Amino acid sequence: MQPEERFDFMVVGAGVAGLMVASSLARLGAEVIVVEAGASAAPGPSTRNGGFVHAGAFHAGVIDDPVRARITSARCRQGAQRLSAEFPEAVQADGLPVFMVSENEVVIERVRRRWPDWGIAHRTVTPRELMTLVPGISVHSDAFVAETNDFAFNWRIALQIMLVQSRRNGCRVLFDHRLVSSDGEHHQLESGGTPRAIRASNTILCTGYQSAFAVRELSTRWDVRPQVRLWRSHVLVAPRLAQPGVMYIDPGGLSVMPQGHYSVICQSQEDTPVETPAFAVDNEVVERIRSGASRLLPASTTELRTARAHACLKPMIAVDGENHRRVDSQIVQVAETTWIALPGKATEAPLLADDLVRALPVRSVAPDVTPRPGDLYTWNVEAESANQVESERVTVS
């Protein structure tokens with residue numbers, strides 16, 4: 001067996017979350033290794049999504065609870081600003097603008113009230129204007145239509161840039177390597193039957209849809225054993241159907257997003273709970289999406305017959321046995337030096353990386369800087385005592 005290689009952080013998973021987390025840690029000077037079981041980066045949901053970036057408008061309309069809606073909308077807006085600024089090459093400029101549509105009275109009332117109050121940029125247009133801009137689309141004459149700051153996004157290009165940036169920041173990236181066991185700082189990887197030993201002071205699991213497997217195989221020494229649940233959704237890819245992007249806010253509505261020579265079609269909140277992390281397609285659901293797309297774009301029925309379906313898996317750490325899917329980012333510390341980080345949606349991945357850096361012990365991410373006074377202690381309020389942190393002792397000469 002090869003000698004044990006030493007790193008400050010091991011990030012498991014080279015999707016959008018893993019690469020952003022790894023790059024952020026490397027910027028701080030940490031020695032980082034990224035371990036990916038696939039033969040290339042992002043073999044899971046990061047490249048199987050709807051091909052767009054949320055900028056706040058959708059979640060402000062679709063989430064009932066105003067507090068959750070406002071928080072989620074604001075984080076999407078921040079994430080969209082970061083992604084467009086950091087990866088301008090990935091913005092599908094030939095697919096702009098994106099139009100939001102609703103034919104649901106409750107949703108329409110909600111967005112008319114929330115969007116202006118929450119500072120969500122939009123320009124209202126008439127259904128007739130939309131039908132002019134998107135020839136062949138069929139929308140109700142009373143529909144609410146607005147141009148928003150959402151945008152179609154080529155996640156493959158963005159992920160390539162993330163991978164290059166991670167390596168330039170000093171990250172080591174291993175493909176075709178699977179984490180098979182962990183014992184504190186000591187980890188065993190396997191690639192094609194060949195073992196590899198890694199020693200990492202901290203482990204960040206950005207394992208996405210494989211998080212349930214990680215919990216099952218690695219959690220014997222964890223302090224917390226979270227319950228990971230999976231939902232499956234679908235995307236259809238078809239020849240380019242429309243110039244701009246169109247997204248229905250209404251539950252069950254469709255989105256049609258341009259991606260160069262093709263379009264990606266999704267159905268809002270089309271999430272089915274599944275037990276196993278498999279990308280098997282549900283043909284009944286696919287035909288329902290195809291039929292809905294044919295009603296929305298009746299002139300494109302022929303192109304839609306040639307559409308190909310792919311499944312996407314969306315993970316969530318269930319809290320208190322909850323069964324409904326949430327789209328929030330989640331960071332859970334499962335052991336002293338191990339965290340699970342899930343972005344909820346790709347748009348929030350830059351913020352997830354920021355949140356994780358802030359959640360880590362400051363001595364791990366800023367070891368070369370003198371501790372602040374508050375970094376030196378842990379408190380036991382009930383005992384009215386403060387204990388000095390052993391690893392943060394400072395001697396002033």
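Two strands are said to pair if DSSP finds at least two bridges between them. Helices (H or I, at least four residues) and strands (E, at least two) are themselves DSSP runs, numbered from the N terminus. The model described here is a predicted one, in which local features need pLDDT of at least 70, side-chain atom pairs count only at pLDDT 80 or more, and totals for chains, interfaces and linings use all residues. Residues are numbered from 1 along each chain as its sequence is written, and side-chain values use heavy atoms, with hydrogens and water left out.

Strand β9 (178-183) pairs with β10 (residues 186-191) in the antiparallel sense, over five bridges. Within this pair, Leu-179 stands opposite Leu-189 of β10. The hairpin of β9 and β10 has two residues between its strands, and Gly-184 takes a positive phi there, near 65 degrees. Strand β10 also runs antiparallel to β11, to which six bridges join it.

Strand β18 (residues 330-335) is linked to β19 by five bridges in the antiparallel sense. Gln-330 stands opposite Leu-342 of β19, and β18 and β19 form a hairpin with two residues between them.

How many of the five residues of β19 are buried? Five of the five are, so the strand is largely enclosed by the rest of the structure; buried means under 20% relative accessible area, exposed over 50%, and partly exposed in between, with a 1.4 Å probe and protein chains only. In a regular strand the side chains alternate between the two faces of the sheet. Both faces of β19 are covered, with Thr-338, Ile-340 and Leu-342 buried on one side and Trp-339 and Ala-341 buried on the other.

In α7 (residues 211-218), the buried residues are Ser-211, Ala-214, Val-215 and Leu-218. They lie on the same side of α7, because they cover an arc of only 100 degrees around the axis; the arc is that of the directions from the helix axis to the C-beta atoms. An α-helix has 3.6 residues a turn, so residues three or four places apart point the same way. The buried residues of α7 pack against β9, β11 (194-205), β12 and β19 (338-342), where contact means heavy atoms within 4.5 Å. In α10 (residues 349-359), Ala-349, Pro-350, Leu-351, Leu-352, Ala-353, Leu-356 and Val-357 are buried. Their cover includes α1 (16-27), α3 (66-86), β11, β18, β19 and α11 (362-365).

Ser-166 lies in helix α6 and counts as buried, at 0% relative accessibility. Leaving aside neighbours within four places in sequence, Ser-166 is in contact with Leu-19, Ser-23 and Cys-171. Ser-255 lies in strand β14 (residues 254-259) and is buried too, with a relative accessible area of 5%. With neighbours within four places again set aside, the contacts of Ser-255 are Phe-52, Val-246, Met-247, Val-264, Ile-265 and Cys-266.

Which residues lie nearest the centre of the second largest pocket? They are Thr-47, Arg-48, Asn-49, Tyr-262 and Val-264, out of a lining of 18 residues. The elements that give two or more residues to this lining are α6 (155-168), β12 (227-239) and β15 (262-267). About 430 Å³ of space lies in the second largest pocket.

A cis peptide bond joins Leu-96 and Pro-97, with omega about -5 degrees, and Pro-97 lies in the loop between α3 and β4 (98-102). Ala-42, in the loop between β2 (32-35) and β3 (52-53), has a positive phi near 55 degrees although it is not a glycine. Asp-176, in the loop between β8 (172-174) and β9, also has a positive phi near 55 degrees. Are these two residues buried or exposed? Ala-42 is buried, with a relative accessible area of 5%, whereas Asp-176 counts as partly exposed at 42% relative accessibility.

Methods: On a 1 Å grid over the protein atoms alone, a cavity is a set of points where a 1.4 Å probe fits but cannot get out, and a pocket is an open set with protein on both sides within 12 Å along at least five of seven lines; lining residues have an atom within 4 Å of a point. Grid points are joined across faces, edges and corners, and a volume is the space filled by probe spheres set on the points.
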